[in-house]
Amino acid sequence: MALRREPHVLVVGGSDSSGGAGIARDIETISSIGVRTCLAVTALTVQTHHAVMEIHSMQPGLVAGQMRAGLQANKVAAIKIGMLATVEIVIAVAGVLRENPQVPAVLDPVLASTSGRALLEAGAIAALKCDLMPFCRLVTPNLFELALLVGSERAVDEDGVVWQGQELLAAGARALLIKGGHASGPQSTDILLRPDHEPVRFDTPRLAASMRGTGCMLASSIAAHLAKAQSIEYAVRQGKLFVLEKLRKTPAKLDVLLM
């Protein structure tokens, strides 16, 4: 019996001591949309806005235990998944999702920091694709993450992006939001891909401002709207608007890295 009946998003991810990304950014975003959160911490990190110095992964049983406790204590209406660190944690998280197929999960496949530090061990990518993605309602890779997930070079045009996305769908992903923030041009275009659906484009102006944690914000916002029983398209559109407004309030010459 859940103790709290209002909808919650279960946030699964790593800490960020700088506060710029990770679970701190997730909680901030979801709370601002009016949805409560509960937590399962996968890793503790020592990092600034410019570099990740240390990563300490949790035991996979502890991660799964945190998730089950959050699900038991609250009315969890969506799950947002970020940094997973190891193959064992990927498999543990997939196991909990398998037990709770009614709860939509949004996976932000955090593979590396902009400074180059790996945030998911190389051997875990196969498990991410085969064991976890089929249990997620939506996966939100950027162009670099998409290329790594399909084992290819980064796509150079929209046709290549869609082709790589279709490859990932064929591997078991249920839906993808491919983020275009690392592309070029006056528009930033994200593409929603689902089996048996035409691709849906979400265009927003490309702003000069940059900030860390935009991927966390987008996936968390989508999860918050899914927790409110909204459709994927509506949740994505609202998530895009949320990030756009945050960037518009950010100085154009901010000396931080884009995650």
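**Reading a predicted chain, one feature at a time**

Colleague: Which residues is S221 in contact with, leaving aside its neighbours within four places in sequence?

Modeller: Contact here means heavy atoms within 4.5 Å. Once neighbours within four places in sequence are left aside, S221 has T29, I33, Q238, G239 and F242 as its contacts.

Colleague: Before we go on, what kind of model is this?

Modeller: It's a predicted model, where local features need pLDDT of at least 70 and side-chain atom pairs count only at pLDDT 80 or more, while totals for chains, interfaces and linings use all residues. Residues are numbered from 1 along each chain as its sequence is written, and side-chain values use heavy atoms, with hydrogens and water left out.

Colleague: What is the mean pLDDT of the chain?

Modeller: pLDDT is the predictor's confidence in each residue, on a scale from 0 to 100. The chain's mean is 88, and 88% of its residues reach 70 or more. Watch residues 253-259, though: pLDDT stays under 50 there, and the model has 23 contacts beyond four places in sequence for them.

Colleague: How many helices and strands does the chain have?

Modeller: Both are DSSP runs, numbered from the N terminus: helices are H or I with at least four residues, strands are E with at least two. This chain has eight helices and nine strands. Our S221 is in helix α7, residues 214-227.

Colleague: And is S221 buried or exposed?

Modeller: Buried means under 20% relative accessible area, exposed means over 50%, and partly exposed is in between, using a 1.4 Å probe and protein chains only. S221 has 0% relative accessibility, so it counts as buried. Across the 259 residues of the chain, buried ones make up 53%.

Colleague: Which residues of helix α1 are buried?

Modeller: Start with the general idea: an α-helix has 3.6 residues a turn, so residues three or four places apart point the same way. In α1, residues 22-32, the buried ones are G22, I23, R25, D26, T29 and I30. They cover an arc of only 155° around the axis, which puts them on the same side of α1. That arc is taken from the directions from the helix axis to the C-beta atoms. Just after α1, G34 takes a positive phi of about 90°.

Colleague: Where does A85 lie, and what is its phi?

Modeller: A85 is in the loop between β4 (74-81) and α3 (87-99). Its phi is positive, about 75°, although it is not a glycine. A85 has a relative accessible area of 8%, so it is buried. Now set A229 beside it: A229 sits in the loop between α7 and α8 (232-248), and its phi is also a positive value, near 65°. But A229 counts as exposed, because its relative accessibility is 69%.

Colleague: On to strands. How many bridges join β8 to β9?

Modeller: Two strands pair if DSSP finds at least two bridges between them. β8 and β9 (residues 200-205) have six, and they run antiparallel. One of the bridge partners to look up is V200 in β9, which goes with L192. The hairpin has six residues between the strands, and D196 takes a positive phi near 65° in it.

Colleague: Which other strand pairs with β8?

Modeller: That's β7, residues 176-178, which pairs with β8 in the antiparallel sense over three bridges. Here I178 has I191 of β8 as its bridge partner. Six of the seven residues of β8 (187-193) are buried, so β8 is largely enclosed by the rest of the structure.

Colleague: How many residues lie between β2 and β3 in their hairpin?

Modeller: Four. β2 (residues 36-47) and β3 (residues 52-57) run antiparallel and are joined by five bridges, with L44 opposite H56 in β3.

Colleague: Last one: what sits over the ring of F144?

Modeller: A charge sits over a ring if NZ of Lys or CZ of Arg is within 6 Å of the ring centre and within 35 degrees of the ring normal. The charged end of R154 does this with F144, 4.8 Å from the centre of the ring. Then look at E153, in the loop between α5 (143-150) and α6 (158-170). E153 has 67% relative accessibility, so it counts as exposed. Not counting residues up to four places away in sequence, E153 touches A147 and Q164. The C-alpha atoms of E153 and Q164 are 9.8 Å apart, with the two residues 11 apart along the chain.
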